[in-house]
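These are my notebook entries on a structure that I am opening for someone who has not seen it before. I go from the whole chain to single residues and write down what I looked up at each step.

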Amino acid sequence: YYQILGCQRHDVNLKRAYYDLAKVLHPDKNQGSGLTEEQKLRWRDVQEAWGVLKDRRAAYDRCLLEQERNGSGPSGGGGEEQLGAK
């Protein structure tokens, strides 16, 4: 999720990263030109990442740390599923 927002785990200002992406990808900001299908999918991913990190950042970080300790790494699965994400 951090990667989707263009941040690192230790970054303090996730909100700024989200707002910067929203300026570019939000459908209401792009009514005239419209969004490509790829941009719509990216916006959906950004919304999901922001939803998890703004509400459950500490739990998400704990899952990542546990995965790293177990050797599965951040992309090893389990963290998002444990938090109820898709």
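**Surface and overall make-up**

I began with the surface, and found that the protein exposes about 5800 Å², of which carbon and sulfur atoms supply 47%. I note here that the model is a predicted one, and I keep that in mind for every entry below.

Next I looked up how much of the chain is covered: of the 86 residues of the protein, 31% count as buried. For secondary structure I found four helices and zero strands, so that read from the N terminus the order of elements is α-α-α-α.

**The nonpolar core**

Which residues touch the most other members of the largest nonpolar core? I looked through its 18 residues and found that these are Tyr2, Leu5, Val46, Leu53 and Tyr60. At least two core residues come from each of α1 (2–5), α2 (14–25) and α3 (37–69), while the largest share, eight residues, is supplied by α3.

I then followed one of these residues, Leu5, and left out residues up to four places away in sequence; what remains in touch with Leu5 is Ala17, Tyr18, Leu21, Val46, Ala49, Trp50 and Leu53.

**Aromatic rings**

A search of the whole structure for aromatic pairs gave me five. One of them joins Tyr18 and Tyr19, whose ring centres are 5.8 Å apart with 50 degrees between the planes, and this pair is tilted.

Is Tyr18 buried or exposed? Its relative accessibility is 13%, and because buried means under 20%, Tyr18 counts as buried. Tyr19, at 38% relative accessibility, counts as partly exposed.

I went on to the pair of Tyr18 and Trp50, where the centres lie 4.8 Å apart and the planes meet at 10 degrees, so this pair is stacked. Because Tyr18 lies in helix α2 and Trp50 in helix α3, the pair ties together parts that are 32 residues apart in sequence. Trp50 is buried too, with a relative accessible area of 13%. Taking the ring pairs together, I could trace a cluster that links Tyr18, Tyr19, Trp43 and Trp50.

**Helix α3**

How far apart are the end C-alpha atoms of α3? They are only 37 Å apart although the helix has 33 residues, which is short of the 48 Å that a straight helix would reach at 1.5 Å a residue. When I looked along α3 for a bend, I found a kink of about 100 degrees centred on Arg56.

I listed the buried residues of α3 as well, and they are Trp43, Val46, Ala49, Trp50, Val52, Leu53, Tyr60, Asp61, Cys63, Leu64 and Gln67. After α3 comes Gly71, which has a positive phi, near 85 degrees.

Leaving aside neighbours within four places in sequence, I found Lys23 in contact with Arg16 and Lys29.

Methods:
Residues are numbered from 1 along each chain as its sequence is written. This is a predicted model: local features need pLDDT of at least 70, side-chain atom pairs count only at pLDDT 80 or more; totals for chains, interfaces and linings use all residues. Side-chain values use heavy atoms; hydrogens and water are left out. A nonpolar core is a set of buried Ala, Val, Leu, Ile, Met, Phe, Trp, Tyr and Cys residues joined through side-chain atoms within 4.5 Å. Buried means under 20% relative accessible area, exposed over 50%, partly exposed in between (1.4 Å probe, protein chains only). Contact means heavy atoms within 4.5 Å. Accessible areas come from the Shrake-Rupley method with a 1.4 Å probe; for residues, only the protein chains shown count as cover. Rings of Phe, Tyr and Trp (its six-membered ring) pair if their centres lie within 6.5 Å; planes under 30 degrees apart count as stacked, over 60 as edge-to-face and the rest as tilted. The expected span of a helix is 1.5 Å times one less than its number of residues. The bend at a residue is the angle between axes fitted to the seven residues ending there and the seven starting there.
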